[in-house]
Amino acid sequence: MDAEHSTGANDAASDAEDHSASNGASTPLGESTPPLGLSLASATVAVVVLLPLIWLVRLAFDVGVEEAVALSVRPQTVEVFANSAALVVAVTAASILVGVPLAYLTVRTDLPFRRFWTVAVSLPLVIPSYIGAFAFVTAFGPQGALQRLLEPLGVESLPRLYGFTGATLVLTLYTYPYVYITTRAALKSMDTTLVEAARTLRHTRREAFRRVTVPQIRPAVAAGSLLVALYTLSDFGTPAIMRFDAFTRVIFVEFNSFGRDLAALLSLQLVAVTLLILAAESRIRGDEQVYGGGRATDRVRLGRWKGPALGFCTGVSALALAVPSVVLGTWFVRGASDVGSETLAFDISYVLNSVGVAAATAAVAAIFAFPVAYVAAHHRGTVATLAERATYVGYAVPGVVIGLALVYLGTSYAQPIYQTLYLLVFAYVVRFLPQAVGSLRASFLRVDPKLPEAARTLGRTPGGAFRSVTLPLVAPGLFGGMALVFLTTMKELPATLFLAPTGFETLVTRVWSAYSQGYFGRAAVPALILLAVSGLSMLVIVSQEGYDVK
């Protein structure tokens with residue numbers, strides 16, 4: 001729309017607003033009734049994404065009350081619950097202890113090379129945690145690379161990295177960016193003159209941080225912590241590699257051992273824990289509104305703490321980025337020497353399969369997200385609220401549970417599409433639809449309703465006004481959401497292992513197969529390509545969101 005057209009549209013919008021006000025007919029957009037077609041579309045999407053969980057609940061009820069209680073209270077089941085709860089608490093707490101200081105250092109202090117560190121400490125988000133787990137076991141395991149380097153000094157074995165300690169370390173290193181990014185955004189929008197005012201009242205810097213800064217950033221920290229907790233609860237690869245009996249690992253083992261009743265019950269317990277985490281995050285976040293827009297004051301001088309701060313940033317980045325980079329490089333060099341692993345040799349079809357299925361998922365997710373996001377952004381009511389919240393259930397439920405539910409559903413009622421790409425893409429959409437919905441909804445909220453109304457007064461139909469005005473304005477959010485869905489689909493492991501058609505190999509399945517069979521060299525190329533494609537997706541997300549590093 002050129003400048004003259006835009007001016008005319010704004011004038012027309014103003015005239016339309018004045019006319020509506022003079023007749024007393026103005027109705028807040030949020031309280032209007034959504035069109036019937038959009039309401040039906042939103043409701044349909046909600047029902048479709050909830051189908052796997054509805055089937056899982058039915059399956060669990062078929063087990064029988066007595067048997068279900070017996071399976072749920074046996075010592076092994078209680079131990080799995082305690083392990084998972086402890087892992088979630090430990091990883092979430094550790095991510096806060098790492099992410100919040102990093103955010104403060106890169107936003108509010110005179111940390112040297114802040115632009116570099118801003119990007120460097122965000123990059124672990126690109127690395128799938130299971131690749132990080134592979135790398136740490138290879139480097140620091142009892143007979144790993146570090147032990148071989150120390151062997152001339154008489155070190156025959158290192159302490160075990162497996163179990164709770166290893167799982168906590170790896171998951172923290174690859175989930176803390178969730179807390180870092182949300183906290184950094186809150187700190188950048190915060191009015192720091194409030195901190196200086198507290199300082200003038202003779203509060204120490206620590207007291208000012210506790211009394212002023214913490215309440216301002218608490219919702220952001222809670223939001224990032226929620227993502228960390230959900231990721232930890234849903235991750236399958238890291239507990240499996242670290243041999244730690246969390247929910248996801250035991251569900252996968254039971255399913256493959258034909259213990260499907262226990263797998264279904266554990267899946268429901270996992271869903272219940274997920275809902276408890278969502279409720280706890282809501283209470284911690286509270287209902288307070290945090291307003292930004294204030295001016296920023298001079299940055300805090302680190303002084304003698306500058307060295308430790310640089311050491312902290314360097315240590316975190318080295319562990320999260322350098323370790324997997326060095327290990328994957330070593331695997332790549334020795335890949336050709338993995339004799340007997342010809343069946344695991346790299347093929348370009350793995351890249352094409354991964355990119356193709358991720359692109360299809362991103363496109364379908366965008367189509368599904370459109371009616372839900374539009375209704376949620378512009379209308380209030382039961383349908384709009386329930387439809388939006390229903391889409392988030394799939395994201396909160398781990399991929400291993402979605403995969404298990406769809407296996408049951410496919411073998412019982414949808415055999416024509418079982419073991420096909422249609423069911424695999426559907427599983428991905430159920431898992432990652434909220435990423436597209438959230439991005440689109442935020443974009444719709446930023447569109448001034450007067451603009452499409454102005455286009456209507458100039459003779460455009462509702463569809464024409466949407467195509468010419470609204471759609472170009474929400475396009476950045478649309479493509480950003482699609483890029484995020486593409487990125488997470490590329491990295492998804494458990495749903496792929498459950499539902500990939502026979503003979504359909506992707507980068508993640510190749511990495512998993514090569515490592516599981518001990519041919520580490522054959523895992524290097526698909527892992528490096530996966531990281532490269534994920535990095536490009538991250539660049540798209542960053543560019544669409546205007547994430548600056550000033």
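Mentor: Asp-110 pairs with Lys-306 in a salt bridge, their closest N and O atoms being 3.7 Å apart; the term denotes a side-chain nitrogen of Lys or Arg within 4 Å of a carboxyl oxygen of Asp or Glu. This pair links distant parts of the chain, 196 residues apart: Asp-110 sits in the loop between α4 (75–108) and α5 (114–120), and Lys-306 in helix α14 (residues 306–334). Helices (H or I, at least four residues) are DSSP runs, numbered from the N terminus. The model is predicted: local features need pLDDT of at least 70, side-chain atom pairs count only at pLDDT 80 or more, and totals for chains, interfaces and linings use all residues. Residues are numbered from 1 along each chain as its sequence is written, and side-chain values use heavy atoms, with hydrogens and water left out.

Asp-110 counts as partly exposed because its relative accessibility is 23%, and Lys-306 likewise at 29%. Here buried means under 20% relative accessible area, exposed over 50%, and partly exposed in between (1.4 Å probe, protein chains only).

A salt bridge also joins Glu-492 and Arg-431, with 3.7 Å between the closest N and O atoms. Glu-492 lies in the loop between α20 (462–491) and α21 (494–499) and Arg-431 in helix α18 (residues 421–445), so the pair ties together parts 61 residues apart in sequence. Glu-492 is buried, at 6% relative accessible area, and Arg-431 is buried at 7%.

Arg-249 and Asp-245 form a further salt bridge, at 2.5 Å from N to O. Arg-249 is partly exposed at 22% relative accessibility, as is Asp-245 at 33%. In total, the structure holds four salt bridges.

Notes
Helices (H or I, at least four residues) and strands (E, at least two) are DSSP runs, numbered from the N terminus.
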